[in-house]
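Subject: A structure for you to look at

Hello,

Here is the structure I promised to pass on. Please open it first, then read my notes beside it.

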Amino acid sequence: MPWDSLKLNDGTTIPTVAFGTWKLGNGQQTIDEVDQAISVGFNHIDTAQAYRNEEEAGAALSDSGLKREDVYITTKYSGLNGLDIETSIDNSLKNASISSISTL
């Protein structure tokens with residue numbers, strides 16, 4: 001994509017513009033829209049626990065064939081259901097079918 005990247009503390013870079021999933025809702029339409037974003041070159045997908053579509057974003061990423069190291073997925077902690085941060089992050093990883101994350 002034509003946007004700049006931001007260099008992180010570990011030396012990797014992340015695209016400064018992401019395809020956002022807010023207001024996309026749930027279901028196949030969300031999967032299709034994330035898939036379309038990937039097909040036009042987005043490699044940064046932004047979701048959130050409160051959007052309740054992490055699973056759909058993860059399904060589109062799985063279907064895309066992209067390697068995990070070639071895509072950035074961002075989400076936001078919302079305190080949904082009164083869960084602690086660690087449990088919420090673990091749930092987000094499971095929802096998006098992400099088995100591991102890089103740690104700094």
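In which loop is T21 found? T21 sits in the loop between β3 and α1 (28–39). Helices (H or I, at least four residues) and strands (E, at least two) are DSSP runs, numbered from the N terminus.

Two notes on the source. This is a predicted model, where local features need pLDDT of at least 70 and side-chain atom pairs count only at pLDDT 80 or more, while totals for chains, interfaces and linings use all residues. Residues are numbered from 1 along each chain as its sequence is written, and side-chain values use heavy atoms, with hydrogens and water left out.

The annotation

UniProt, in an unreviewed entry, places the feature "domain: NADP-dependent oxidoreductase" at residues 17–96. UniProt positions are in the numbering used here, feature names are shortened, and annotations may be inferred rather than shown by experiment. The span 17–96 is 42% helix and 10% strand. Its end C-alpha atoms lie 20 Å apart.

The sheet

Three strands form an open sheet in the order β3-β4-β5, with parallel pairing. β3 (19–20) and β5 stand at the edges. Each has a single partner strand, so one side of each has no neighbour in the sheet. Two strands pair if DSSP finds at least two bridges between them. β4 (residues 44–46) and β5 pair over three bridges. D46 has T74 in β5 as its bridge partner. In general, strands of a sheet pair through backbone hydrogen bonds, either parallel or antiparallel.

Two buried residues

Back to T21. Its relative accessible area is 0%, so T21 is buried. Buried means under 20% relative accessible area, exposed over 50%, and partly exposed in between (1.4 Å probe, protein chains only). Leaving aside neighbours within four places in sequence, T21 is in contact with V34, I45, D46, T47, Y51 and N53. Contact means heavy atoms within 4.5 Å.

L61 belongs to helix α2 (residues 54–64). L61 is buried too, with a relative accessible area of 8%. Not counting residues up to four places away in sequence, L61 touches I38, I45, L66, V71 and I73.

The salt bridges

How many salt bridges are there? The count comes to two. The rule asks for a side-chain nitrogen of Lys or Arg within 4 Å of a carboxyl oxygen of Asp or Glu.

One joins the side chains of D46 and K76 (2.8 Å, N to O). This pair links distant parts of the chain, 30 residues apart: D46 is in strand β4, and K76 is in the loop between β5 and α3. D46 counts as buried at 18% relative accessibility. K76 is partly exposed at 32%.

D90 forms a salt bridge with K94, with the closest N and O atoms 3.0 Å apart. Both lie in helix α3, four residues apart, about one turn of the helix. D90 is partly exposed at 34%, and K94 is exposed at 57%.

The surface patch

Y77, I85 and I89 form a nonpolar patch on the surface. Together they have about 290 Å² of accessible area, by the Shrake-Rupley method with a 1.4 Å probe, where for residues only the protein chains shown count as cover. Patches take residues with over 30% relative accessible area and no salt bridge; like charges are joined within 9 Å, nonpolar side chains (Val, Leu, Ile, Met, Phe, Trp, Tyr) within 5 Å. Y77 lies in the loop between β5 (72–74) and α3 (85–95). Y77 is partly exposed, at 42%.

Best wishes
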